[in-house]
Amino acid sequence: MQNILVQQARTSQGDELPGPTNAARFWRTFRRHRLGLVGLVIVGTMVLAAVGAPYLAPADPLAQDILRARLQPPSAAHPLGTDELGRDLLSRLIYGARISLTIGLLAEGTALLIGSVIGALAGFLGGRVDDLLMRITEIFMAIPSLLFLIAVVAILEPNVVTIALALGVIGWPSEARVMRSQVLAVKNLEYVTAAHALGLRPYQVLLRHILPNALSPMIVVGTLGIAGAILTEATLSFLGLGIQQPIPSWGTMVYTGQNYIFTAWWYAVFPGLAIMLTVLGFNFVGDALRDALDPNRVTQRT
């Protein structure tokens with residue numbers, strides 16, 4: 001019996017982590033999700049645009065030409081038109097992808113870090129620690145997120161770091177609840193009991209055997225969280241509380257472009273489409289990851 005427990009403890013992590021076979025199954029399931037592939041293309045395009053902005057943008061996003069190029073419709077010189085200051089809209093959209101993706105990744109990274117630590121400790125330690133951490137989580141969940149963000153940007157300078165960290169601080173409770181539920185589900189399995197029987201310290205059991213097998217849902221939550229952070233930042237910018245001019249931001253462009261919706265429709269429409277496509281892309285990828293990382297669905301489809 002002891003040999004069986006030893007073998008389970010030694011192989012549990014290797015069985016759960018994706019090896020060559022599991023990676024092939026993951027990709028086979030993921031590519032069957034057509035919307036997931038569409039989302040992957042959209043997200044990849046946005047990432048390439050953000051990384052290669054200095055090489056892809058046809059003009060300086062801050063260069064103004066009010067006298068000759070103000071509110072010009074889409075043309076060969078300006079494929080997506082210009083704004084009220086004569087700035088090339090395509091160039092500003094490409095550079096705006098940097099702002100949106102940076103805020104989305106930094107905000108969700110912060111939320112995942114805080115939420116994963118609190119959720120893992122609550123689920124693993126249980127008892128009074130669990131009660132205390134969950135009450136703190138519920139307090140944060142009761143705070144209206146938009147009011148919290150408005151208060152933060154009103155007190156501090158509304159730059160990329162400030163907005164991203166504020167989004168992460170207010171967004172971690174959902175990640176904490178998911179991590180806690182996963183830890184509770186994993187910590188009573190046989191191989192975890194075997195690890196305890198071998199004399200491993202609690203933190204070793206948590207880090208080596210529980211967390212690696214509880215991360216799959218967090219990947220999905222993180223992907224969907226990036227889309228939510230991008231949308232929230234666009235909402236703040238639309239309200240005039242996000243990234244300020246002249247820095248190119250999709251939300252700010254929609255906010256300013258609404259004033260010209262009947263005379264220069266392209267000003268608000270194209271940034272709005274960029275926001276919509278990016279959010280849809282991350283949501284599609286998240287749905288595909290959920291299916292590909294779910295062992296029950298993988299088993300059924302293979």
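Does aspartate 130 count as buried or exposed, and what is its relative accessibility? Let us work towards that residue from the whole chain, keeping in mind that this is a predicted model.

The protein has 15 helices and zero strands. Of its 302 residues, 44% count as buried.

Now for our residue. Aspartate 130 is found in helix α7, which covers residues 127-142. Its relative accessibility is 9%, and because buried means under 20%, aspartate 130 counts as buried. Setting aside its neighbours within four places in sequence, you will find aspartate 130 in contact with Ala122 and Arg180.

Helix α7 also leads us to a pocket. It is one of the helices that each supply at least two residues to the lining of the second largest pocket, together with α6 (89-125), α8 (145-155), α9 (160-186) and α12 (216-238). The volume of this second largest pocket is about 330 Å³. Its lining is made up of 21 residues, and those closest to the centre are Ser145, Leu167, Ile170, Gly171 and Thr232. Helix α9 gives the largest share of the lining, with seven residues. Sorted by class, the lining of the second largest pocket holds 12 nonpolar, seven polar and two charged residues.

Terms used: Residues numbered from 1 in each chain as written. Predicted model: local features only at pLDDT ≥ 70, side-chain atom pairs only at ≥ 80, totals over all residues. Heavy atoms only, no water. Helix = DSSP H or I, 4+ residues; strand = E, 2+ residues; numbered from the N terminus. Buried < 20%, exposed > 50% of the residue type's maximum accessible area, 1.4 Å probe, protein only. Contact = heavy atoms within 4.5 Å. 1 Å grid on protein atoms, 1.4 Å probe; cavity = no way out; pocket = protein on both sides within 12 Å on 5 of 7 lines; lining within 4 Å. Points joined across faces, edges and corners; volume = space filled by probe spheres on them. Nonpolar A, V, L, I, M, F, W, Y, C, P; charged D, E, K, R; others polar.
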